[in-house]
Amino acid sequence: MGNLKLKGKDILKLGYPNNQSINIALEVMKRNFATKNIHYVKSLLKEIQQNPENFEKDLTFGQIAEALLSSKKTEKRMLNTNRASFQIFGNNISDEAKNQLYTALKLPIATQGALMPDAHSGYGLPIGGVLAVENAVIPYGVGMDIGCRMSLSILDTPISYLDGARNKYEKALAEHTKFGMYETHKSHVDHEIFDRDTFGLIPILRRLKGKAIKQMGSSGGGNHFVEFGEVEITEEDKQINLPKGKYLGILSHSGSRGLGAEIAQYYSRVATEQCPLPKEAQNFAWLDLNTHLGLEYWTAMNLAGDYASACHDDIHRRLVKAVGGRVKARIENHHNFAWKEIHNGKEVIVHRKGATPANENELGMIPGSMTAKGFIVRGKGNPDSLNSASHGAGRAFSRGECRNRFTQNDIKKELKLKNVTLMGGNAEEAPMAYKDINEVMNGQSELVDILGTFQPRIVKMDK
């Protein structure tokens with residue numbers, strides 16, 4: 001953590017109580033003042049100790065001030081005996097995923113939960129899990145890829161161009177999309193997000209700003225993709241404002257890249273330290289939104305979500321510039337995030353980890369697989385699902401199982417059958433790795449209306 005030779009006993013000698021405030025002070029000073037003189041650091045700590053109320057709102061020192069003012073020992077939280085109310089949608093959901101939700105529903109802060117029909121087990125909250133809690137946020141409930149989202153651009157280009165000029169579209173994906181940890185664009189846009197004060201307010205964001213600039217307009221590995229395909233509008237909607245028919249579309253799936261991953265890792269660790277829980281519930285450690293750390297994570301999470309959105313904008317801008325045409329409609333949504341919402345007349349924090357917001361009349365995009373159709377949907381605002389729907393088809397087999405089960409030959413056959421060109425990708429993301437999207441959609445007919453479909457034709461993924 002740097003060269004600062006500061007120890008707990010040094011802080012104790014300054015008059016700090018022998019509790020969590022010492023660990024917090026050590027962490028904050030080593031994180032922010034690793035290269036500073038120890039006498040300077042001690043003088044700062046003494047000043048905070050003498051007048052903690054002057055530092056409560058300070059984004060660097062607020063956490064220390066808060067610990068001094070509360071002077072509480074970190075006590076292990078216990079789970080409730082009974083679960084909060086919940087609903088499970090769809091069939092074919094593993095017991096492991098259900099049990100993960102059941103544990104979350106016993107948290108003392110939990111008010112309601114739901115499982116979407118694409119649900120499968122994850123870390124902490126299952127993928128496809130929705131959880132409402134009181135005045136707190138669970139970093140693992142949001143997930144490691146904060147603001148992972150879908151974005152669909154519908155163009156005015158005739159759909160026949162996809163076959164007639166297929167090479168042009170393949171070339172555009174090859175040259176103008178970047179994937180994984182190491183690929184970045186040579187030229188970078190000056191996006192307004194990098195002018196935001198938030199990057200300078202929180203130490204971890206200051207450190208990650210350079211990485212965020214470098215990775216702008218790129219996509220993650222794993223199941224992230226950028227596709228050209230065939231959009232069919234089957235029901236007219238004022239928000240989309242397009243007549244029924246077929247259109248050429250660009251669909252992307254990605255999140256907040258290294259920025260979100262490091263925010264998630266850091267605050268998940270801190271939450272676990274601040275909020276000890278029984279072993280089976282450790283990944284549900286939360287941050288109280290009345291605390292400095294809770295507000296810090298909430299601020300960082302929202303910035304990561306906006307950054308993910310900006311990345312999609314850049315991906316679509318580059319591709320439209322390369323292939324021509326005009327964007328007639330855009331449909332997009334997060335599916336790894338936490339929102340402040342009103343449910344049952346009360347403000348709660350709704351975590352959707354691999355679940356699509358489906359408030360009344362809200363548009364969203366639920367993909368299938370690299371060969372299966374995805375669906376353009378409009379939310380029904382069903383309170384039993386906390387106004388949520390699935391975020392995709394959901395995995396039928398784990399990544400490890402896919403490597404043992406499917407060969408490149410199996411994938412090639414399926415691609416040929418569905419007239420799909422794949423660039424990159426691997427057995428972990430084989431079309432057969434996923435549940436039947438039609439079954440999943442049948443399991444959520446009371447959650448969303450279907451307005452149209454997206455059939456992938458040219459798919460690019462990480463190698």
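UniProt lists residues 210-272 as "domain: Cyclic nucleotide-binding", in an unreviewed entry. The model described here is predicted. Over residues 210-272 the chain is 35% helix and 30% strand.

**Nonpolar cores**

The largest nonpolar core has 58 residues. Ile263 and Tyr267 have the most contacts inside this core. Several elements give two or more residues to it: the helices α5 (95-104), α10 (203-215), α11 (257-274) and α12 (292-323), and the strands β2 (110-120), β3 (127-133), β4 (136-137) and β10 (336-343). Helix α12 supplies the largest share, 10 residues. In soluble globular proteins, nonpolar side chains tend to be buried together.

Which residues does Ile263 touch, beyond those up to four places away in sequence? They are Ile146, Ile204, Leu205, Leu208, Tyr297, Ala300 and Ala304. Another core lies apart from the largest one. This other core has 39 residues, including Ile154, Ala358, Leu415 and Ala433.

The buried residues of α5 are Ala97, Gln100, Leu101, Tyr102, Thr103 and Ala104. Their cover includes β1 (85-88), β2 and β3.

Ala114 lies in strand β2. Ala114 counts as buried because its relative accessibility is 0%, and the cut-off is under 20%. Leaving out residues up to four places away in sequence, Ala114 touches Gln87, Leu101, Gly128, Gly129, Val130, Asp384 and Ser385. Ala114 and Ala427 are 313 residues apart in sequence. In space, their C-alpha atoms are 30 Å apart.

**His351**

His351 is found in strand β11 (residues 346-353). Is His351 buried or exposed? It is buried, with a relative accessible area of 0%. Its side chain reaches the backbone nitrogen of Ile138 at 2.9 Å. Neighbours within four places in sequence aside, His351 is in contact with Leu125, Gly129, Val130, Leu131, Val133, Ala136, Val137, Ile138, Gly141, Val142, Phe337 and Ala338.

**Cysteines**

How many disulfides does the structure hold? The count is 0. Take Cys402: the closest cysteine sulfur, in Cys148, is 18 Å from its own, too far for a bond. A disulfide needs the two sulfur atoms within 2.5 Å. Cys402 is buried, at 0% relative accessible area. Cys275 also counts as buried, with a relative accessibility of 2%.

**Aromatic rings**

The whole structure contains 11 aromatic pairs. Two of them are tabulated here.

| Pair | Centre to centre | Angle between planes | Geometry |
|---|---|---|---|
| Tyr266 and Tyr267 | 4.8 Å | 75° | edge-to-face |
| Phe397 and Phe406 | 5.8 Å | 70° | edge-to-face |

Why is the Phe397 and Phe406 pair edge-to-face? Its planes are at 70°, and planes over 60 degrees apart count as edge-to-face.

Tyr266 and Tyr267 are both buried. Phe397 counts as partly exposed, at 21% relative accessibility. Phe406 counts as buried, at 11%. The cut-off that separates them is 20% relative accessible area.

Elsewhere, Phe33, Tyr40, Phe55 and Phe61 form one aromatic cluster.

Terms used. Residues are numbered from 1 along each chain as its sequence is written. This is a predicted model: local features need pLDDT of at least 70, side-chain atom pairs count only at pLDDT 80 or more; totals for chains, interfaces and linings use all residues. Side-chain values use heavy atoms; hydrogens and water are left out. UniProt positions are given in the numbering used here, feature names are shortened, and annotations may be inferred rather than shown by experiment. Helices (H or I, at least four residues) and strands (E, at least two) are DSSP runs, numbered from the N terminus. Buried means under 20% relative accessible area, exposed over 50%, partly exposed in between (1.4 Å probe, protein chains only). A nonpolar core is a set of buried Ala, Val, Leu, Ile, Met, Phe, Trp, Tyr and Cys residues joined through side-chain atoms within 4.5 Å. Contact means heavy atoms within 4.5 Å. A polar contact is a pair of N or O atoms within 3.5 Å; within protein, one must be able to donate a hydrogen and the other to accept it, and residues adjacent in sequence count only if both atoms are side-chain atoms. Rings of Phe, Tyr and Trp (its six-membered ring) pair if their centres lie within 6.5 Å; planes under 30 degrees apart count as stacked, over 60 as edge-to-face and the rest as tilted.
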